[in-house]
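Trainee: Before we start, could you put the model up so that we can go through it together?

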Amino acid sequence: MAHETQSSLKIRPYLLSAPALVLYVGMFLIPLIMTLMLSFYSYDMTKGGIIEEFSLGNYTEVITDSYFHGIFLRTLSMSVLVTVFCVLLGTPEAYILHRMSSPWKSICMLAILGPLLVSVVVRTLGWAILIGSKGVINQTLMSIGLIDEPIKLMFTTTGVVIALVHVLIPFMVLSVWASLQKLDLQVESAGQSLGASPFTVLRRIVIPEIMPGILSGSVIVFALTASAFATPSILGGRRLKVVATTAYDEYLGSLNWPLGAAIAVLLLIANIIIIMSYNKFIERKYAQAFK
Amino acid sequence: MRKNAPLALAFNAVFIAFMLAPLVIVCLVAFTSKGYISLPWDGFSLRWFRAILDNPHFIDAFYLSVLLGVASATIAVGLAVPASMAFARHDFKGRGMIMAFFLSPLMVPHIVLGVSFLSFLTKVGWYGTFAGLVFTHVIIIMPYALRLVLSSVTGLDRSAESAAVSLGASNWVVFRRVTLPMIIPGVAGGWVLSFITSFDEVTMSVFVASPGTTTLPVRMYEHIVETIDPLIASLSASLIFITMIIMFLLDRFYGLDNILVGKGK
């Protein structure tokens, strides 16, 4: 491309990314800034809705009200629980998959990753049918006489956590799987031929090697649980509120958009802090390994 | 060495059963002949699949979702291809920052995008329009499209392009006749993943969907919150069947793990 001048080559990358950039500023950056501004406004039904005056009222309300504390704490504990279960179940599953050979490996992979392509609404519906008080699990257990009264899972934290683990565990398996791909099988064999027990090989060779995968999977699962909406809404019902369903109710139920915006902004900040500190941690801890 | 212990295989079996159970149960319940949620061994029938056709509001939502997915995936890929060319082939000021900006919607919870888009669309008067809905979806799927397109542009062998240029082809002809055919697998993969992500999206769409622009997942969500009946099961089962067909095709051509790796990041 010798006939081109230096300056046209210089602006070309900007021209190439300009269309997307325009869309992002208009449809992404501006809406986010609008939400940030909205969160500092207040809402008064008697005065006709949103009052465009700067105040910290929504944030002080969320921070001081024990009602909101409960919601944020519930969301946090759900996220921790879901993440722990995803690590405990997803990591060994990824390792087992890694040691399998085709065709079983690809069949199992399809079974685990396939659900990711199905809407979360459909997957949650499946759990609602399974765990409802007249659900399949309870009816089966009762008909074989194992229990007399239905186990209460619908509208409980346990039920929501089970379904969220199901919805999000593919990300954990994928993440650990990706880091296992880099693991040299010969290192494992070497460890064993030098007399290490399988457990030692696992603990001293495999686990340290896949730790980045486990960590990045955990961040994905944690962040997605913290902002999950459809599953807690359907399986948790009205009473078991989490941050996302609360923001939804403020917006579309009580029409208090400024308060809903404040909740959304807090969720966004928490999300960014978690992801950023994870990146910092990985950089510090694994900096040498990537050099 | 590379063999799994029996205990590990048992764990694997339970794990797979756990992954498939909710989907299998939806498909089973869809074939019931009863008017309530029950398993088909008490009476098998296809009546709930026929019932879908009698519910135009689901059919309309399905068409809207397909149209929305096609439109937003096409726009996203159309924007991702030139942007990827810029990122892969030029070292320019702000490159890293612009790339991070393009991937940043992944870091924003969909509920936050939902409330932001709702305020924005209402303010500019696009609430309830199809175009408004399309652009919100483009923002959500753009990072996925960009990643897949970028990875196919990055690994490209450029000798064929140089040959075309030395033979006197213009930039546009080089792109259309040489570059594009080579990156088409990545572009198509990006399009399919974008389409599926758009088609399945519910959390953000719940906010921006007006009565006239309700997508299928939103309509299903609203239905499930009200009542869980065999109709919603048969509708879900139909979606699962369609997804299975797409999945097998995708796996054939790309490998599912290649497409989905990092979907959640």
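This is a predicted model: local features need pLDDT of at least 70, side-chain atom pairs count only at pLDDT 80 or more; totals for chains, interfaces and linings use all residues.

Mentor: Residues are numbered from 1 along each chain as its sequence is written, and chains are lettered from A and ligands numbered from 1 in the order in which they are written.

Trainee: How many helices are there in chain B?

Mentor: Helices are DSSP runs of H or I with at least four residues, strands are runs of E with at least two, and both are numbered from the N terminus. On that basis chain B has zero strands, and its helices number twelve.

Trainee: Is Gly132(B) buried or exposed?

Mentor: Gly132(B) lies in helix H6 (residues 130-154) of chain B, and apart from neighbours within four places in sequence it is in contact (C-beta atoms, placed from the backbone, within 7 Å) with Leu121(B), Trp126(B), Tyr127(B) and Val208(B). Because Gly132(B) has 21 C-beta neighbours inside 10 Å, it counts as buried.

Trainee: Which helix gives the largest share of the side of chain A that touches chain B?

Mentor: In all, 75 residues of chain A are in contact with 75 residues of chain B. The largest share of that side of chain A, 18 residues, comes from helix H1 (residues 6-38) of chain A.

Terms used
Two residues are in contact if their C-beta atoms, placed from the backbone, lie within 7 Å. A residue is buried if 20 or more other C-beta atoms lie within 10 Å of its own, exposed if 12 or fewer, and partly exposed in between; C-beta atoms are placed from the backbone.
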